[in-house]
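Here is a friendly briefing to read alongside the model.

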Amino acid sequence: MYRLIYKSRSVETLNWGIVRSITSVSENNNEIAGLTGVLLASRTHFLQVIEGNFEDVNAAFQRICKDERHSELCIIGYSIIDARLFGGWGMRGIGAFDFNQKIESELVEKYGEEEGGIHFPLEEWQALAMISDIKMIRDLPEWKK
Ligand SMILES: Cc1cc2nc3c(=O)[nH]c(=O)nc-3n(C[C@H](O)[C@H](O)[C@H](O)COP(=O)(O)O)c2cc1C
C-alpha cells in the first residue's frame, strides 16, 4: 500500500461549500477504488493524503492534477506503508479556516503563517503532525454540530 501527500493552492478562497463539493464526489470515487485519506483546507491551500494501492492512488492523483480548482501542486511524500492512517475515511474534509483566534494563533506559532492563515508544511512528518493536531481540535466536543 502507498501513501501520497501533496499540497496545492486553491484558485478560490476556500470555504466549507467548496470543500464539501470536492469531498462528496471524492468519498464516492474513493470508496469504490479502496482509497482513504484526508483533505485539509486553509483559506488558500489544500493538503491531501491519499492511501491505497499503487494503481488506484496514481489514477486518482492523475485526475486531481488536471483539476482546475487548484494549481501549484507539490508532492510532499509518496511512501510504501504497512497500514492506513485514515482507514474508514473515503475522504474526510477538514477546514483550517474557521478556528477561533486562540487556536489559530497556537497553530500559527507551531507551524508558521502563510497568507494570513496556518502554513501547511512541506515536510512529510510535519504535515502528518499538523493533520493530527487539527483532527484532534476538530474532534473536541465544542466542534461537534
Ligand atoms: C483538492 C482536490 C482534491 C480532490 N480529491 C479527490 C479524491 O480524493 N478522489 C477523487 O476521486 N477526486 C478528487 N478530486 C476531484 C477530481 O479532481 C475530479 O474532479 C473527480 O475525481 C472527477 O473526475 P472525472 O470528472 O474525471 O470523473 C479532488 C479535487 C481537488 C481540487
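**Salt bridges and sheet**

Aspartate 98 is partly exposed, with a relative accessible area of 31% (buried means under 20%, exposed over 50%, partly exposed in between, with a 1.4 Å probe and protein chains only). This is a predicted model, where local features need pLDDT of at least 70, side-chain atom pairs count only at pLDDT 80 or more, and totals for chains, interfaces and linings use all residues. Residues are numbered from 1 along each chain as its sequence is written, and side-chain values use heavy atoms, leaving out hydrogens and water.

**Charged pairs**

- Aspartate 98 forms a salt bridge with arginine 138 at 2.4 Å, N to O (a side-chain nitrogen of Lys or Arg within 4 Å of a carboxyl oxygen of Asp or Glu).
- Arginine 138 lies in helix α4 and aspartate 98 in the loop between β5 and α3, so the pair ties together parts that are 40 residues apart in sequence (helices are DSSP runs of H or I, at least four residues, and strands are runs of E, at least two, numbered from the N terminus).
- Arginine 138 counts as buried, at 10% relative accessibility.
- Another salt bridge joins lysine 102 and glutamate 106, at 3.2 Å between the closest N and O atoms.
- The whole structure holds ten salt bridges.

**The sheet**

- Five strands make an open, mixed sheet in the order β4-β1-β3-β2-β5 (two strands pair if DSSP finds at least two bridges between them).
- β4 and β5 stand at the edges with a single partner strand each, so one side of each has no neighbour in the sheet.
- β2 and β3 pair in the antiparallel sense over six bridges, with valine 38 opposite valine 49 in β3.
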